[in-house]
Amino acid sequence: MVEGTDTLRVACLGAGYFARFHYEAWRKLQRVRLVGACDRDPEKAKATGLSAFEDLDTMLRMASPDLLDIITPPPTHMPAIRAAIEAGVRAIICQKPFCTSLSEAREAADLAERAGVVLVVHENFRFQPWYRAIRQALDEDLIGDLLQLTFRLRTGDGQGPEAYLDRQPYFQTMPKLLIHETGVHWVDTFRYLLGEPEAVYADLRKLNPVIAGEDAGYFVFDYADGVRALFDGNRLLDHAAENCRTTLGEALVEGTRGTLTLAGDGSVHLRHFGSLDDSVLLPAREWEGFGGDCVKNLISHVVDGLLDGKPLENEASDYLKVIAIEQAIYESDRLGQKIREFAVA
């Protein structure tokens with residue numbers, strides 16, 4: 001908790017491709033003040049329009065932020081978290097994938113807890129408006145007893161030798177791609193919507209020979225009440241949307257009294273069992289920012305938690321479960337069998 005203040009001083013580490021969504025989101029908030037941007041490329045840091053730094057320790061010392069937003073790759077996470085804690089920050093937001101391993105992520109969470117520092121993982125898909133609308137519909141029992149949830153990832157950006165090079169070229173060399181970089185969003189989103197799974201089965205494959213990691217596959221979550229959740233991912237295929245990056249795919253949430261449908265335009269529809277017609281729960285619109293402005297939604301949630309004492313989602317100690325499940329997905333694919341015991345998170 002950042003007590004005795006109504007404004008947070010925020011500094012950001014990283015000024016790469018996705019970082020722009022963070023800077024845009026921070027600038028929309030009323031109760032924060034951006035005090036610095038740090039990147040190993042000083043020109044990128046300067047391009048943010050903020051006080052620019054090339055060295056994190058220097059920025060932490062000179063800008064004195066209350067909160068550090070880490071928007072850099074996993075190998076940088078642990079050193080940045082340690083440096084921020086030693087510099088006296090009160091809160092940290094860290095992008096996913098979080099750290100380089102479950103053990104390192106656990107070390108980071110423990111370090112923050114011992115120091116009394118709030119550490120939140122920037123896992124933003126659960127903050128997309130369509131998943132909030134689906135969660136509300138489930139809470140209001142609009143479709144009866146839930147039986148299954150399906151998400152079909154169809155990004156349409158993974159074909160041919162030029163795949164990913166125009167936006168995130170490092171995707172081509174990642175040894176683990178579909179699940180570690182992308183599917184992990186739905187590991188967390190399924191947890192947000194349905195709770196903790198009891199078991200997982202996965203079948204992964206690589207279709208584009210120019211990349212290092214997997215780009216297609218499935219995982220299925222088992223739940224105690226018989227519910228199943230299916231992630232069906234294929235980065236080579238697309239879906240019906242003007243912009244495939246709005247939702248990255250389509251979803252069905254099916255219950256005994258109806259079905260919720262997420263379309264590629266971000267709209268959510270409810271069809272009652274036995275009916276041919278549906279009603280719109282969340283209309284399509286021109287969303288600001290990435291993914292329904294989910295970056296802003298997440299950081300606004302963190303600001304409200306820090307300044308108003310509201311409960312926080314995705315604190316690092318809880319997010320360890322996501323990493324443990326991701327690990328189990330890869331183990332299931334390697335062994336060709338269902339995994340019921342997840343690593344202790």
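Which residues have the most contacts inside the largest nonpolar core? Select Trp26, Phe98, Phe190, Phe219, Phe221 and Ile329; the core has 111 residues. A nonpolar core is a set of buried Ala, Val, Leu, Ile, Met, Phe, Trp, Tyr and Cys residues joined through side-chain atoms within 4.5 Å; buried means under 20% relative accessible area (1.4 Å probe, protein chains only).

This is a predicted model: local features need pLDDT of at least 70, side-chain atom pairs count only at pLDDT 80 or more, and totals for chains, interfaces and linings use all residues. Residues are numbered from 1 along each chain as its sequence is written, and side-chain values use heavy atoms, without hydrogens or water.

Helices are DSSP runs of H or I, at least four residues; strands are runs of E, at least two.

Now centre on Phe219. Leaving out residues up to four places away in sequence, Phe219 touches, among others, Trp186, Phe190, Tyr201 and Ile329. Contact means heavy atoms within 4.5 Å.

Move to the open sheet. Its eight strands run β8-β9-β10-β7-β11-β12-β13-β14, with mixed pairing. Strands pair if DSSP finds at least two bridges between them. β8 (199-205) and β14 (279-282) stand at the edges, each with a single partner, so one side of each has no neighbour in the sheet. β8 pairs with β9 (216-222) in the antiparallel sense over seven bridges. Tyr201 stands opposite Val220 in β9.

Last, select Thr72, in the loop between β4 (67-70) and α4 (77-87). Thr72 is buried, at 17% relative accessible area.

Notes: Buried means under 20% relative accessible area, exposed over 50%, partly exposed in between (1.4 Å probe, protein chains only).
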